[in-house]
Amino acid sequence: MSQAVVLEPAEVWAYLVSRELLPADARGAVREVGDGNMNRVFLAIPDDTAIPSLAVKQAPPWIQRLGPSAPMSPERALIEARALRTFAEYAPRQTPRVLDVDPTRFAFTMEDLSDLTVLRTALNDGASLGRTSAEVGELVGRVTFATSVAGATPQARAALIADSVNPLLAEVTLQYLLGDPFVAAEHNHHHPALGAAVESLRRDPAVRTELAALRAAFGAKTQALVHGDLHSGSVMVGVRDGEPVVRVIDPEFAMVGPIGLDLGLYIANVVIAALRSYATGATARGAAHLATVADCWDAFCAAWRDGWPGRVDPLLDDGWLLRELRDTWRDTLGYAAVELVRRVAGYSHASDLETLPDPGPASAVVLSLGHKLLVDREICGSRPDPRALARLVSTSW
Ligand code: ADP
Ligand code: MG
Ligand code: MG
Ligand code: MG
């Protein structure tokens, strides 16, 4: 992969003109906004406010933060753009509009969302979740129903699965979410107060078996199209014309996988934000965050029930639906648990905790919840009960 495909800021304007996304005579500014983790994101802002501003995301042939010594296929930008198009089909309200996809530069152009804020940042600054969890639950519900055996024919699913092959990013998830945090891996780190608890988690044979089951499900459970990286850094929030706006970004890890992965990652990050609030003395805000776990789950189920009368396979009966939802809740708790563990004992920690004056106490609760939930999913009851999960978190503080 030659350096020549990498977009540099000085080139972005001419690039957008060459893609006919900006008029040839337009003038304006380009700003790099990506937080520099995996990819690059540029904004092009025309001087003429009548011309809409644009966001260009490009995948370099390496992990942006680590540079050329960490090669990573730039195809991920195309997987992301394709996933955004599918999301837009079933959940247009929550999905940024993709305007152009450029397979030769591994770049795509979308609507500028810079009037919105990344959810994790907003929460760290004291924002409420409001309708955010419900919007995320609805997006996951609509996309997963439409791409499941209930929403799509075998032919359509075969094409979707073939189109969504994403082995390199799947390896990243297997390593950084479902692997390293549970062993003594090189890049792991944790707060000094967590030493004994981390040790006990890593030595627990029940943890190993549950982790194995989640790894196996990650690889083998081709339930529906999932986002794959749906934490609070992949959601942008704000207000337009007095109405709350929620957009889900960054599905470069998208694949056909277990539905509980998306719900679990999102809910774990709500739990982490709630514990941050508790740790800062904002008890009411923490409780309000936790109450939205039920909003997320209920909106997810409502989307499935909404699609259900139009299911493509009439032999899927109501009993199966109930079973599928229960099974999804169980997976949700499992993937939430590994996300909780990863954010305090793995490589990639949560700024929600790291920016506390002392991350220790909240991190200890996050780890202990992760451990408990992983080995005993029924700790919240045997039926899907998001309110019981919220109670478990608030009584753990
Ligand atoms: P990565 O894959 O590198 O994590 P993201 O898609 O998460 O990239 O984007 C990185 C950052 O760029 C986001 O946190 C957000 O601040 C900004 N960003 C992404 N997409 C847009 C957009 N359409 N408009 C404005 N800013 C964006
Ligand atoms: Mg730390
Ligand atoms: Mg990303
Ligand atoms: Mg991101």
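This is a predicted model: local features need pLDDT of at least 70, side-chain atom pairs count only at pLDDT 80 or more; totals for chains, interfaces and linings use all residues.
I started with the domains: the C-alpha centres of domain 1 and domain 2 lie 25 Å apart. The bounds, from an automatic or database domain assignment, are 3-15 + 28-111 for domain 1 and 117-396 for domain 2. I then looked up the contact, which takes 17 residues from domain 1 and 19 residues from domain 2 (C-beta atoms, placed from the backbone, within 7 Å). On the domain 1 side I found ten nonpolar, four polar and three charged residues (nonpolar is Ala, Val, Leu, Ile, Met, Phe, Trp, Tyr, Cys and Pro; charged is Asp, Glu, Lys and Arg; the others, Gly among them, are polar).

Residues count from 1 along each chain as its sequence is written, and chains are lettered from A and ligands numbered from 1 in the order written.

Ligand 1 next. Both domains give residues to its shell, so ligand 1 lies between them. I got 19 residues around it, with Met-38, Asn-39, Ala-55, Leu-113 and Asp-250 nearest (C-beta, placed from the backbone, within 6 Å). The shell splits into ten nonpolar, four polar and five charged. β2 (40-46) and β3 (54-58) each supply at least two of its residues.

Last, β8 (235-240) and β9 (243-248). I see them paired antiparallel over six bridges (pairing needs at least two DSSP bridges; strands are DSSP E runs of at least two residues, numbered from the N terminus). Val-239 has Pro-244 as its bridge partner in β9. Two residues separate the strands of this hairpin, and Asp-241 in the turn has a positive phi of about 50°. β8 also runs antiparallel to β6 (117-118), joined by two bridges, with Thr-117 partnered by Val-237.

Methods:
Helices (H or I, at least four residues) and strands (E, at least two) are DSSP runs, numbered from the N terminus. Two residues are in contact if their C-beta atoms, placed from the backbone, lie within 7 Å.
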